[in-house]
Amino acid sequence: MPSRSLTDDALAAIERRLAATDDLLARDYPGDDGRRQPVHTVYLPADRYTPATAREWGEQALAAADAAGGLAEVARALGLNDPDLPDLVRRKLNDEPIEDLRLDFEDGYGDRGDAAEDADVARAVEAVSAAVRAGSAPPFVGIRFKCFEAPVRARGLRTLDLFVSGLAAAGPLPAGLTITLPKVTTVGQVEAMVDASRALESALGLDERRVRFEVQVETPQVILGADGTAPVATLLHAADRRVTSLHYGTYDYSASLGIAAQYQSMEHPAADHAKNIMQLAIAGTGVHMSDGSTNILPVGDPVHVAEAWRLHARLVRRHLERGIYQGWDLHPAQLVTRFLATYAFYRDGFPAAATRLRNYVHRIDSAILDEPATARALASFIHRGVTCGALTDTEVRAAAEVTVDTVRDLALNRSTTPHEETR
């Protein structure tokens, strides 16, 4: 055996030096916690929500597709030729047309006075509770309340309080309860939201960190602070592990930079810069990220509908290719291209990903030598596809020669070494 040069004392000193680093990484960069990430968030003025909303949006999406010749014809017009795609998307629009729904008390609702907003909050609580009991609620549902800027702060907090307290009084909080804090400009506003969340938990007898929230990135100040830092990164680590996601706000952010209305877009260079910073900020934290929306809606004459669908499908594919797995939808007809484009993304990439994952798991020689980190990325890609309905368990088993459970474990780093499965 070769002799050692590093003494036990030297090794112990290194352990002491790196103890704080180990604690930092475990606390602030825990990695993916296995939570499902929806492929989209639907924003709807809060007073328009009923327990039938999700079903109605699915029906309206299918009606829009049928008016254009059916899902197969829309897919062909978009250059999507997978023969299984139309049936898979039709099933999705029937079974789970909305994955994440946000009842909007902010920009999509406006200022209607306290009495009207209080009444609409009460109706929203009743409708959400009824949908959860009936099993018709989307997997994720919640509200976007008014921001923490001084003129509307008190109203926003009142709406937040009435909504969460009302749901808690009606029964257990929905498992997929999701709350959005918009127009964040400073870390202090996120810390104030932490204070509000703790106060609600204490008053309602909820578990610690039961009230978590998303941060909407809509202002340049949260991307680049006055001191030259990126507050969007700092706020994640000042939020008591309560931030679940960062959402890019296309139009508020663009307008804040003085970009002319006709050039405000999810693909503007300014938008890409902000989202690049956001993506860096969440890396390793387990926090999700969403792209924004396009306000070009597929309504009106057939030519405009087709153009709007092409735009939306391209934007969805674009953010998926850039590693952003969620976006906003504002109209039922956008669900057509949300799911066609999303499903096509996973199905287009599946054969190569499945082959590489099979080769890795079963130690099959190939021209690509994948490392554990890449295997996790391959597994995560497939797992996301299965979760949203783009891929089936049978397809995964046949192509990758592993179970979906194994794919999930690899994606979450619960299995880091190749192993042989029964084929």
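Helix 2 (53-67) gives the most to the lining of the second largest pocket, with four residues. Helices here are DSSP runs of H or I of at least four residues, strands are E runs of at least two, and both are numbered from the N terminus. A pocket is found on a 1 Å grid over the protein atoms alone: an open set of points with protein on both sides within 12 Å along at least five of seven lines. Lining residues have an atom within 4 Å of a point.

Before I go on, a word on the model. It is predicted, with local features needing pLDDT of at least 70 and side-chain atom pairs pLDDT 80 or more, while totals for chains, interfaces and linings use all residues. Residues are numbered from 1 along each chain as its sequence is written, and side-chain values use heavy atoms, without hydrogens and water.

Back to that second largest pocket. About 540 Å³ of space lies in it. Volume here is the space filled by probe spheres set on the grid points, which are joined across faces, edges and corners. There are 23 lining residues, and Tyr43, Pro45, Asp104, Gly108 and Leu330 are the closest to the centre. Strand 1 (40-45) and helix 10 (250-256) are also among the elements giving two or more residues. By class, the lining has eight nonpolar, eight polar and seven charged residues. For the classes, Ala, Val, Leu, Ile, Met, Phe, Trp, Tyr, Cys and Pro are nonpolar; Asp, Glu, Lys and Arg are charged; the others, Gly among them, are polar.

Now the largest pocket. Its volume is about 910 Å³. It has 33 lining residues, and the closest to its centre are Asp32, Tyr325, Ser380, Arg384 and Ala411. Which helix gives the largest share of that lining? Helix 14 (372-388) does, with nine residues. Helix 11 (269-282), strand 7 (288-290) and helix 16 (404-411) are also among the elements that each supply at least two. The classes are 13 nonpolar, 13 polar and seven charged. Domain 1 and domain 2 each give at least three residues to this lining.

So much for pockets; next, the domains. Domain 1 is 40-345 and domain 2 is 349-412, with bounds from an automatic or database domain assignment. Their C-alpha centres lie 29 Å apart. Eight residues of domain 1 and seven of domain 2 make the contact, meaning heavy atoms within 4.5 Å. Between them the domains bury about 650 Å², 56% of it on carbon and sulfur atoms. Buried area is the accessible area, by a 1.4 Å probe, that two parts lose on being put together, summed over both. Tyr325, Tyr343 and Phe345 supply 57% of the area that domain 1 buries against domain 2, more than any other three residues.

The whole structure has 43. One pairs Lys146 with Glu117, at 2.8 Å, N to O. Lys146 sits in the loop between strand 3 (140-144) and helix 6 (153-170), and Glu117 in helix 5 (residues 114-134), so the pair ties together parts 29 residues apart in sequence.

Last, cavities. A cavity is a set of grid points where a 1.4 Å probe fits but cannot get out. There is one of 30 Å³ or more. Helix 12 (residues 302-321) gives four residues to the lining of the largest cavity, the most of any element. Among the lining residues are His312, His319, Trp328 and Arg338.

How values were computed:
Salt bridge = Lys/Arg side-chain N within 4 Å of Asp/Glu carboxyl O.
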